[in-house]
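Here are my notes on this one, as numbered points. Have a look at the model first, then read on.

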There are 2 protein chains.
Amino acid sequence: MEDEKISIAVIKRLPRYYRYLGDLLDNGITRISSGELSRKMHITASQIRQDLNKFGRFGQRGYGYNVEMLYKEIRKILGLDKEYSMIIIGAGNLGQALANYGNFSRRGFNFIGIFDKDKNKIGMKVGNMHVQDVEELDAFLGKNSVDIAVLSIPKTNASQITSILVKNGIKGIWNFSHIDLRTPDDVVVENVHLTDSVMTLSYKLSELESNN
Amino acid sequence: MEDEKISIAVIKRLPRYYRYLGDLLDNGITRISSGELSRKMHITASQIRQDLNKFGRFGQRGYGYNVEMLYKEIRKILGLDKEYSMIIIGAGNLGQALANYGNFSRRGFNFIGIFDKDKNKIGMKVGNMHVQDVEELDAFLGKNSVDIAVLSIPKTNASQITSILVKNGIKGIWNFSHIDLRTPDDVVVENVHLTDSVMTLSYKLSELESNN
């Protein structure tokens, strides 16, 4: 990888490259030209060359990209060559959906605990875990190494839970609560705001209508 | 609203403005300066002025923004002054989570049907709906007006279902399937790729580590 800092726009495109390269590997395709990849991904070939050249010399004129090498390099850049232990706070439908989603563990994201404050949920089996009382969260974090906490709770409790997580040294928060979390600089947050997303969709629909 | 075209970056910020303005209204705050809003939202005041001035004269020097007027204007721009009928394809954990999420109907997104191909799920009650056989989807769309279809199914079936939706005149697809859908220009797609999102988080974690 070259020294040049990779822009956030490129980073946002990396999981998509990774997904397409993985599909190519699954189909036994070992090399691909930027032109072919361009047609598959609906990105211009020059954009692809510009993006992928940042990671080293995986493309060769007249040969194309070595799919496996590029796939492995992107995996490394995305931090997917490591394993992550995760917990879920909030065992509602969304928390359960995430716990049961096989794609995560396949990629090295391993759930080791799920918590809720609802007495009716505590003890319930979700995936291969049993829901624990969120009152036990602090003690659990004292005894277990956790890389990422998933927040799938209402926004009213999100800040208080975040304090407990930060205090216990959690460095990554995947936030589904409908609130912007305030965290120290050495804690990274990735937001999935579903309500914002559906509003973006209704905006696009309105635009579509007003253009017709 | 001024004639000037609103950029995609501003559009992406609009749901966030809308969320903060809604919270202000809930707390009985009727006006706010760009400085105060800046401190709350952690965006620079000049960015806020630049964004919000695009929608007309809601800010006045020495007065600040009229929260309610701005809130209503953004609501209109986001298309939230209308009601949308929605269906969900895929009644797994994620589909159920979305069906049960009260925030959507409160904002005018109304679920009118949920479908699955799994015989064990058909007939099951989800929210105030009963899961229907996805084989009935085509007939259902022939009889009901649907604005938005939510895809919460594995990627293997996503393209085929999308064809049925497009054929029946669905204009909005909220796609949770881990695939990029190909749709005509007059069909808008909003993607929520959870696997891409968690990869972005692991990238940020790796960056954090390498900077320490």
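In what order do the seven strands of the open sheet in chain B run?

1. The order is 6-7-5-4-8-9-10, with mixed pairing (two strands pair if DSSP finds at least two bridges between them; helices, H or I of at least four residues, and strands, E of at least two, are DSSP runs numbered from the N terminus). Strand 6 (125–126) and strand 10 (188–191) of chain B are the edges, each with a single partner strand, so one side of each has no neighbour in the sheet.

2. Bear in mind that this is a predicted model: local features need pLDDT of at least 70, side-chain atom pairs count only at pLDDT 80 or more, and totals for chains, interfaces and linings use all residues. Residues are numbered from 1 along each chain as its sequence is written, and chains are lettered from A and ligands numbered from 1 in the order in which they are written.

3. Strand 4 (residues 84–89) and strand 5 (residues 109–116) of chain B run parallel, joined by six bridges. Ile87(B) sits opposite Gly113(B) of strand 5.

4. Now the partner chain: 41 residues from chain A and 41 residues from chain B make the contact (C-beta atoms, placed from the backbone, within 7 Å). Helix 9 of chain A gives the most to chain A's side, with 14 residues.

5. As for symmetry, chain A superposes on chain B by a rotation of 180° with 0.0 Å of shift along the axis, RMSD 0.0 Å (least squares on C-alpha atoms of residues with pLDDT of at least 70 in both). The two copies are thus related as by a two-fold rotation axis.

Technical notes
Two residues are in contact if their C-beta atoms, placed from the backbone, lie within 7 Å.
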